[in-house]
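Hi,

Here is the model I promised to pass on. Have a look at it first, and my notes follow below.

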There are 2 protein chains.
Amino acid sequence: MAGPRNGVNGPRAATIGDVARRAGVSVSSVSRYVHGEHVRTAVAIEEAIATLGFRPSHAAQTLKLGRTMTIALVVPDITNPFFAAVVRGAETVTSQQGYTIVLADTDESPARERVVLDGMIGRVDGVLLAPASEDDDNPLMLRRAGLPVVFIDRRTHTADGEPDVDTVLVDNRGGTRAAIDHLVAHGHRRIAIVSGPAESTPGRERLEAFGDALAAHGISVPDDYVQFGGFREQGGREATERLLQLRDRPTAVFVANNVMTLGALQALLVAGVQVPDDLSIIGFDDHSFAGLLAAPLTVVDRPMEEQGRVAMDLLLNRITGRDDSAPRRIVLDTVLVERKSCAGPHSSPP
Amino acid sequence: MAGPRNGVNGPRAATIGDVARRAGVSVSSVSRYVHGEHVRTAVAIEEAIATLGFRPSHAAQTLKLGRTMTIALVVPDITNPFFAAVVRGAETVTSQQGYTIVLADTDESPARERVVLDGMIGRVDGVLLAPASEDDDNPLMLRRAGLPVVFIDRRTHTADGEPDVDTVLVDNRGGTRAAIDHLVAHGHRRIAIVSGPAESTPGRERLEAFGDALAAHGISVPDDYVQFGGFREQGGREATERLLQLRDRPTAVFVANNVMTLGALQALLVAGVQVPDDLSIIGFDDHSFAGLLAAPLTVVDRPMEEQGRVAMDLLLNRITGRDDSAPRRIVLDTVLVERKSCAGPHSSPP
DNA sequence: CTGAAAGCGCTTACAG
DNA sequence: CTGAAAGCGCTTACAG
């Protein structure tokens with residue numbers, strides 16, 4: 001059970017040569033055995049491996065074979081349950097295939113993202129990246145390094161509008177439109193948004209769709225009905241506080257992601273604003289306890305784990321070379337989950 | 001800006017040999033230049049590196065030098081803001097030293113933890129581990145592989161009570177005692193716990209200290225006042241629901257971590273139980289919006305980032321060999337953050 | 001200051 | 001089926 005006694009950092013790890021010597025065979029045979037080929041001396045090799053505690057050197061294999069069998073998942077906010085779900089989805093795909101996943105968090109910062117990606121080069125065979133911004137050239141760096149990348153939630157633009165990197169998106173516009181239509185159907189006309197950063201794809205698309213959807217209903221949006229919350233909890237809270245201070249308070253708010261919605265809810269609670277009686281609220285991205293709140297939250301939901309699964313599938317096919325077609329753009333559908341956080345605009349101050 | 005045009009996965013990356021050839025020097029000189037030594041041909045080398053886009057092969061360096069310059073951070077629940085804070089703290093230490101951090105999530109499962117750690121061997125120089133359980137022998141596996149480990153929140157036991165692995169703990173018992181004393185001081189005697197898993201150090205220590213603290217006040221705990229929530233949000237919700245169904249409902253609840261506290265709060269909200277009027281609640285580990293709730297939450301807080309910082313310091317010193325003393329146990333203090341979720345036991349059913 | 005060479009630990013054609 | 005040998009891309013004593 002305990003195995004051989006080791007010093008603090010253990011003795012030098014056993015190499016394939018040690019195993020070969022002990023088993024009285026060549027390193028070739030050990031290598032073959034380890035890779036599942038049939039060898040006559042299997043029992044002796046097995047014994048040697050077990051007693052020496054041999055594990056092939058990852059660095060040596062990587063150097064020889066040119067692949068690390070590791071994939072990086074880089075996301076802007078690891079504490080966001082959406083990304084946790086994406087990771088779960090992605091892992092269901094890789095675990096069968098012998099790949100190890102490493103996670104990294106860029107803290108919603110393109111600068112951090114660059115550092116993180118830079119550190120990944122040479123350590124991984126591919127990157128699943130949910131970018132912090134649309135504007136950086138970090139993906140270019142990865143391409144130069146010959147690393148396959150698949151984006152989550154980033155739309156890429158070439159001159160002719162074709163995707164130039166694989167990407168798995170959701171229908172941000174459709175989802176947002178459904179949310180706004182829902183509010184308008186309830187009779188709202190004073191509708192505000194707590195928006196994500198306009199530099200990110202989901203931030204930009206949801207914000208644009210918000211304006212378009214309202215315009216389609218002949219409703220115009222005052223400037224101060226657009227407040228930015230940076231996709232962060234605190235940002236959502238502060239953005240909502242600003243909305244509440246407005247002279248012409250909105251009667252409904254669309255919040256562009258789950259984390260900001262949490263912040264918004266806190267602001268409403270503190271201010272004593274009742275949902276949905278005083279204010280209707282609708283969020284983008286579901287959350288584990290959205291349904292358990294005093295006013296169960298109506299949200300635009302999306303298939304989060306599927307997004308991770310699909311993206312990882314794509315990435316793996318690129319890495320292995322099974323797929324060398326033109327970059328793909330996959331768009332998943334959203335669905336409106338109606339609960340109880342929306343009602344008619346009851347309160348009507350001047 | 002765009003650099004040379006590449007094919008899909010780029011051409012074969014430039015090696016140190018390519019650089020040497022182009023600069024008309026030996027690979028030794030290139031290597032020396034890259035490592036900051038003075039060489040006469042610096043400009044030519046620099047030019048060659050830039051135009052070829054040379055980056056040293058990480059695998060080759062690792063194989064040659066025997067170190068990966070990578071450290072793994074393995075935690076049971078990456079969405080728990082506590083671990084996010086630990087990661088932040090740890091990163092402040094490593095970023096200065098050229099180390100890359102990779103994250104991994106074990107989903108509170110010892111089995112997953114084993115798979116994850118197994119995958120890390122050979123890929124990292126050390127592991128910062130917040131174990132899912134006290135009972136597995138995963139650390140043994142790491143020791144066998146010669147990997148330095150530092151624990152977060154796991155107390156290790158040798159026969160003679162000495163720590164056998166470095167570990168950074170918090171004073172779970174002191175913190176819990178403070179929480180219970182606080183409730184008792186408010187007049188409570190019917191005090192329940194939503195506990196973490198007894199197989200984990202923080203779960204076990206907080207649960208034991210809960211019993212001890214109440215015993216010290218001459219208060220006994222009915223069996224059904226102890227409900228387990230597995231350190232998960234849903235677990236906390238369900239545990240709290242069970243408490244609410246009790247014939248002799250508790251008047252106060254101690255919840256053993258932040259994530260479960262969130263769940264508990266949801267259960268109370270759904271059940272229409274007012275905090276603190278109907279029930280007092282006190283949590284372990286602060287949360288970004290604990291202070292912003294309708295009833296701002298009283299909690300036992302701890303220096304989360306410091307815990308990460310201290311642990312990473314220790315780990316780095318082990319990795320570099322600067323520290324080869326006996327395994328260390330560092331215990332950080334907790335502090336009671338008094339807000340408004342505790343009051344006297346007003347309601348008193350039979 | 002500089003270069004030739006050995007060697008880190010593997011895998012895999014190439015002969016046998 | 002098996003072994004000897006080359007080579008993956010570096011770093012670093014060792015000579016010069």
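Which residues of strand β4 (residues 149-152) of chain B are buried on one side, and which on the other? Val149(B) and Phe151(B) lie on one side and Val150(B) and Ile152(B) on the other, and all are buried (20 or more other C-beta atoms within 10 Å of the residue's own; C-beta atoms are placed from the backbone). Strands here are DSSP runs (E, at least two residues), as are helices (H or I, at least four), numbered from the N terminus.

A word on conventions before I go on. Residues are numbered from 1 along each chain as its sequence is written, while chains are lettered from A and ligands numbered from 1 in the order in which they are written. This is a predicted model, in which local features need pLDDT of at least 70, side-chain atom pairs count only at pLDDT 80 or more, and totals for chains, interfaces and linings use all residues.

Back to β4(B). Strand β3 (residues 126-129) of chain B runs parallel to β4(B) and is joined to it by three bridges (strands pair if DSSP finds at least two bridges between them). Val127(B) is opposite Val149(B). Between β3(B) and β4(B) the chain passes through helix α7 (residues 138-144) of chain B, in a right-handed β-α-β crossover (clockwise from the first strand over the helix to the second, with the strands pointing away from the viewer). Strand β5 (residues 166-170) of chain B also pairs with β4(B) in the parallel sense, over three bridges, and there Asp166(B) is opposite Val150(B).

Now the two chains together.

Finally, chain B has an open sheet of six strands with mixed pairing, in the order β7-β6-β8-β9-β10-β12. Its edge strands are β7 (226-228) and β12 (335-337) of chain B.

Happy browsing!

Notes:
A residue is buried if 20 or more other C-beta atoms lie within 10 Å of its own, exposed if 12 or fewer, and partly exposed in between; C-beta atoms are placed from the backbone.
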